[in-house]
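Reader: I am new to this structure and would like to learn how to read it. Please take the features one at a time.

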There are 6 protein chains.
Amino acid sequence: MSTVKLWSDAEAEADPRVKAVFDDIRATRKSDFVNNFWRGLANQPDLLAATWERLKAVMVAPGALDPLTRELIYIAVSTVNGCSYCVHSHTAAARAKGMTDAQHGDFLAVVGMAMQTNGLVTAMQIPVDPEFQVG
Amino acid sequence: MSTVKLWSDAEAEADPRVKAVFDDIRATRKSDFVNNFWRGLANQPDLLAATWERLKAVMVAPGALDPLTRELIYIAVSTVNGCSYCVHSHTAAARAKGMTDAQHGDFLAVVGMAMQTNGLVTAMQIPVDPEFQVG
Amino acid sequence: MSTVKLWSDAEAEADPRVKAVFDDIRATRKSDFVNNFWRGLANQPDLLAATWERLKAVMVAPGALDPLTRELIYIAVSTVNGCSYCVHSHTAAARAKGMTDAQHGDFLAVVGMAMQTNGLVTAMQIPVDPEFQVG
Amino acid sequence: MSTVKLWSDAEAEADPRVKAVFDDIRATRKSDFVNNFWRGLANQPDLLAATWERLKAVMVAPGALDPLTRELIYIAVSTVNGCSYCVHSHTAAARAKGMTDAQHGDFLAVVGMAMQTNGLVTAMQIPVDPEFQVG
Amino acid sequence: MSTVKLWSDAEAEADPRVKAVFDDIRATRKSDFVNNFWRGLANQPDLLAATWERLKAVMVAPGALDPLTRELIYIAVSTVNGCSYCVHSHTAAARAKGMTDAQHGDFLAVVGMAMQTNGLVTAMQIPVDPEFQVG
Amino acid sequence: MSTVKLWSDAEAEADPRVKAVFDDIRATRKSDFVNNFWRGLANQPDLLAATWERLKAVMVAPGALDPLTRELIYIAVSTVNGCSYCVHSHTAAARAKGMTDAQHGDFLAVVGMAMQTNGLVTAMQIPVDPEFQVG
């Protein structure tokens with residue numbers, strides 16, 4: 001179904017650069033599960049390593065936004081980009097980080113609201129109020 | 001700059017349906033400022049009323065997600081849709097609801113990360129892991 | 001403001017391939033006005049000619065959909081793509097072809113509705129009902 | 001395949017708020033078929049009710065645009081958003097409302113034309129002609 | 001799975017307009033394989049012919065960009081539009097035109113980088129530097 | 001016009017982390033010009049440094065694709081995302097790296113072609129031919 005090979009565990013074990021990233025994914029997440037995204041990126045070990053390092057820094061390390069909020073922003077972006085895989089994987093991640101059904105309902109309502117007003121604003125080409133500008 | 005007329009306060013005062021919405025916007029927000037989006041929607045009083053009622057329910061009423069989180073989801077959607085007006089107005093709203101510079105930095109980092117992996121996933125057409133599926 | 005030169009009438013007159021297209025635009029539309037899109041495309045005379053020929057066939061020639069309906073579809077596509085220029089030019093074209101304010105209101109309401117449900121469907125990753133499939 | 005549970009008829013019967021909406025969908029459409037979108041939204045009864053009420057007002061009630069034109073606008077938006085489900089369901093709806101093959105051909109041609117010129121305009125960053133501006 | 005019928009070879013043989021295009025696709029590509037896109041477009045013979053003629057001119061004929069570079073641009077556009085079919089077909093075409101794994105890796109890295117900065121720029125609404133403007 | 005402050009040279013000089021990145025941008029590009037994107041990112045020094053490091057690795061360092069091809073892919077992504085700033089800055093970069101008018105013409109033609117077929121494919125929901133699948 002993909003445009004690239006998805007690496008098996010045996011193949012990943014045989015390439016030290018890929019093995020190092022897969023090992024760190026498992027250690028960081030405290031789980032043996034390595035999802036297909038990383039198995040596809042394994043074809044490009046440099047890109048695999050750079051993407052995983054950045055994801056750890058942005059999504060796993062402590063920050064000014066709590067982990068669930070970060071996941072909700074991630075799903076919102078992925079929804080508008082129509083990235084089916086990303087919506088699936090990050091909705092699962094949000095649930096794993098405690099998202100309740102009521103929070104999911106609020107999330108969906110906000111996404112629907114924003115989509116709707118985005119369409120209305122763009123179709124009417126509303127100019128930005130001076131009050132909203134900073135730089 | 002817009003494809004529709006932007007209603008002045010005087011024009012809004014003269015149409016009871018528009019006046020009712022503008023009055024409620026001012027009362028709800030405890031501010032005299034009515035931004036251009038509503039002045040453009042005023043050309044279609046039914047759509048104006050329906051949109052404002054829904055926005056109040058989704059963004060203003062208490063819910064399972066706090067108001068700032070809802071604004072961040074809103075900005076994320078608006079960013080991917082390339083809605084300049086919406087990014088401006090809801091970034092201003094997020095700041096008014098207490099968003100710090102550090103939180104904005106985290107928001108930007110998550111948006112950048114999600115955009116990047118969305119592109120990688122779609123270019124590789126990664127199939128959804130069975131572990132992520134619910135329904 | 002653009003990334004390419006916009007050709008003046010004098011420049012267009014001096015290039016026979018560009019002049020031929022500009023002349024046909026004016027004759028077809030029965031108007032001396034040639035909008036900026038064609039002045040930018042003039043840098044690439046082959047692309048200019050191919051685009052104009054296709055636009056005439058799709059948007060001007062008689063067809064199974066009336067001219068206003070075709071414009072509304074055009075604006076809908078342009079809105080979701082966030083093409084400010086295209087929204088402006090085709091909203092003007094729709095008005096020139098008789099679009100009333102009430103029709104514009106309906107158009108905006110449908111765009112807003114579709115945007116909203118698109119977001120909800122994608123965030124929930126709803127599978128296609130077998131009843132909807134043809135091929 | 002979805003990120004949420006799809007409600008069966010039995011589950012819908014057992015929740016009065018969901019049952020009320022499903023009953024109204026069936027009565028309005030004069031059909032027993034309730035498509036998956038509503039079965040996914042059923043997890044959030046408030047959002048389900050609000051979305052259905054709005055859809056009825058925008059897509060079913062008489063208006064300034066005929067029902068088929070509204071469906072074509074809906075499919076255009078859904079196509080650009082890449083919402084596979086929405087393209088399927090509203091193409092089926094358009095056919096049910098009388099769309100001929102020739103009209104579908106015109107629709108496809110306009111969508112293709114708009115996509116093409118949207119890309120050209122954005123890549124060239126063409127400035128809006130003053131003639132197109134209203135507000 | 002599609003919203004239109006996919007034409008079999010037997011059906012294509014029976015319609016002279018469709019047969020002419022299928023024959024030319026096979027002759028141009030020196031292959032008997034006609035992919036599903038053309039089998040769907042066959043429902044609209046005029047659109048089929050116009051699309052194939054244009055594709056030949058833009059993607060097959062000699063030009064200022066080599067064939068592989070044109071495919072990479074095509075995949076980039078298709079990725080952002082979330083067109084799964086197009087990503088698949090043009091990644092296969094790029095490989096057939098000699099794309100190496102290292103080139104695919106570079107392509108993916110650039111797509112990821114562009115997506116990321118697109119998101120950052122739009123969220124910050126950075127104004128265009130005068131140095132970048134031409135027209 | 002932006003949603004964040006754009007840092008002046010004086011402000012950048014006063015913050016060692018921002019100054020280090022601005023200095024490296026100038027040294028790498030052998031130019032005193034620092035464009036607005038980096039002046040906006042300067043509000044978030046960690047994100048500024050991470051983004052610049054990654055951009056250098058992906059766009060500046062030698063790779064399997066030549067620098068101009070990488071720019072064309074970048075512009076293609078930015079065009080579909082509707083990122084006006086990015087289209088401007090990377091079209092200027094492509095010209096600085098030798099893009100001719102004829103190459104720009106080919107680029108525009110491919111973008112237009114891909115946009116058009118993306119729309120047609122998505123509206124018809126064409127299923128992926130088994131011949132195109134790898135993983």
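**What surrounds a helix**

Author: Among what covers the buried residues of α5(C) are α7 (101-124) of chain A, α4 (45-60), α6 (84-96) and α7 (101-124) of chain C, and α5 (67-80) and α7 (101-124) of chain D. This is a predicted model: local features need pLDDT of at least 70, side-chain atom pairs count only at pLDDT 80 or more, and totals for chains, interfaces and linings use all residues. Residues are numbered from 1 along each chain as its sequence is written, and chains are lettered from A and ligands numbered from 1 in the order in which they are written.

Reader: How many residues of α5(C) are buried?

Author: A residue is buried if 20 or more other C-beta atoms lie within 10 Å of its own, exposed if 12 or fewer, and partly exposed in between, with C-beta atoms placed from the backbone. In α5(C), 12 of the 14 residues are buried, including Arg70(C) and Glu71(C).

Reader: What does α5(C) span?

Author: Helices (H or I, at least four residues) and strands (E, at least two) are DSSP runs, numbered from the N terminus. The expected span of a helix is 1.5 Å times one less than its number of residues. From first C-alpha to last, α5(C) reaches 21 Å, close to the expected 20 Å.

Reader: How many residues of chain D are in contact with chain C?

Author: Two residues are in contact if their C-beta atoms, placed from the backbone, lie within 7 Å. Here 61 residues of chain D are in contact with 61 residues of chain C. On the chain D side, α7(D) gives the most, with 17 residues.
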